[in-house]
Amino acid sequence: MITHFDDLHLFITIVENGSFTKASDKLGVSKFALSQSITNLEKRLNIRLLNRTTRSVSPTPEGLTLYNDIVGAYSAIGLGLQKLAENQENIVGTVRINASQLAIDTVILPKLTALLMDYPLISLEIHSDNSFVDIVEQGFDMGVRFGDAVVDDMVAVRIPKPVKTALVATPQYLQNKNIPKNINELENHQLINIRLGLDKSPISWDFKVNGQLVEYLPKSQITLNINPLTAIKNHLGIGFVARSQVENELQSGELIEILGEFADEYEPFLPIIPAENTILGRLKWC
């Protein structure tokens, strides 16, 4: 037997309101349509469900049994739909974010206090990964990438502040050494570089010379897949970092900037999400 669930919903509404008129007003359908639907339902079930009088409507014993059997299920369905609608208005659940340590330190962590106040129903899992894995393939909801690293089927939320770079070393490392005055003189020093993955080349250091971009690939004695700052602070050589990471150290003299007049800027970091995820696109990172 095929039962039309819309008819059952009409039946529940009529029982709860005690009249066709009130149910009609609540549902926005005519009394005739309601009466016809219930008549068709009774014919299909071969059971009289409602006692009808000119003043009121009440369930028969069989109708009351049917009402008691189905009203809980319909309430659960309604609650589920309500929660689904609410979740479209609120970001709820766990958000898994993939980002480099630099992005975590400079973009994500400084904004978490305000972010969690705006979205109290979310939990964050932040995974540090300098190799920039495929976000969807690895099961992440978001990633943070440089401005030129947004792939197809992703949506980016631009953070306006660019990333300025700095070439730094400790005074201890530079002691009794000539501080480079131009890019070529870097070859006389121990250089610390980054390679983001075994399948990738070491990164080039970008400089601006007379307004032109100069890419320099250092011949490094030490190559890391993590932020080089700890190695730099251990006096192992000259390294290329984000200036925002070392502002305090430069002011205190713990680190010394090298070739600062040639420092370049990168496009801002971008929180990126799969294009179909319109809810996470509302996260306020800016």
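Let me start with Arg44 and Asp7, which form a salt bridge whose closest N and O atoms are 2.7 Å apart. A salt bridge here is a side-chain nitrogen of Lys or Arg within 4 Å of a carboxyl oxygen of Asp or Glu. Arg44 sits in helix 3 (residues 31-45) and Asp7 in helix 1 (residues 5-17), so the pair ties together parts that are 37 residues apart in sequence. Helices (H or I, at least four residues) and strands (E, at least two) are DSSP runs, numbered from the N terminus.

Before going on, a word on what we are looking at. This is a predicted model, in which local features need pLDDT of at least 70, side-chain atom pairs count only at pLDDT 80 or more, and totals for chains, interfaces and linings use all residues. Residues are numbered from 1 along each chain as its sequence is written, and side-chain values use heavy atoms, with hydrogens and water left out.

pLDDT is the predictor's confidence in each residue, from 0 to 100. The protein chain has a mean pLDDT of 80, and 80% of its residues reach 70 or more. Over residues 148-156 the pLDDT is below 50, though this stretch has 18 contacts in the model beyond near neighbours in sequence. Contact means heavy atoms within 4.5 Å. Where pLDDT is low, the predicted coordinates should not be read in detail.

Back to the charged pairs. How many salt bridges does a search of the whole structure find? It finds 7. For the next part I need one term: buried means under 20% relative accessible area, exposed over 50%, and partly exposed in between (1.4 Å probe, protein chains only). Arg44 is partly exposed at 26% relative accessibility, while Asp7 is buried, at 10%.

Another pair is Arg52 with Glu42, where the closest N and O atoms are 3.2 Å apart. Arg52 belongs to strand 1 (residues 50-52) and Glu42 to helix 3, so this pair ties together parts 10 residues apart in sequence. Arg52 is partly exposed, at 28% relative accessibility, and Glu42 is buried, with a relative accessible area of 10%.

Asp264 and Lys208 also form a salt bridge, with the closest N and O atoms 3.6 Å apart. This pair links distant parts of the chain, 56 residues apart: Asp264 is in the loop between strand 13 and strand 14, and Lys208 is in strand 9 (residues 205-209). Asp264 counts as buried at 8% relative accessibility; Lys208 is partly exposed at 34%. Finally, Arg243, Glu247 and Glu257 are linked in a network of salt bridges.

Now strand 7. Why is strand 7 (residues 163-169) largely enclosed by the rest of the structure? Because 6 of its 7 residues are buried. Two strands pair if DSSP finds at least two bridges between them. Strand 7 runs antiparallel to strand 12 (residues 238-242), joined by 4 bridges, with Ala166 opposite Val241. With strand 13 (residues 256-258) the pairing is antiparallel over 3 bridges, and Ala169 stands opposite Ile256. With strand 14 (residues 265-266) it is antiparallel over 2 bridges, and Val163 faces Tyr266.

Last, two backbone angles. Most residues other than glycine have a negative phi, and most peptide bonds are trans. Leu259 has a positive phi, near 55°. Leu259 lies in the loop between strand 13 and strand 14 and is buried at 5% relative accessibility. His235 also has a positive phi, near 65°. His235 is in the loop between helix 8 (229-233) and strand 12, and is partly exposed at 36%.
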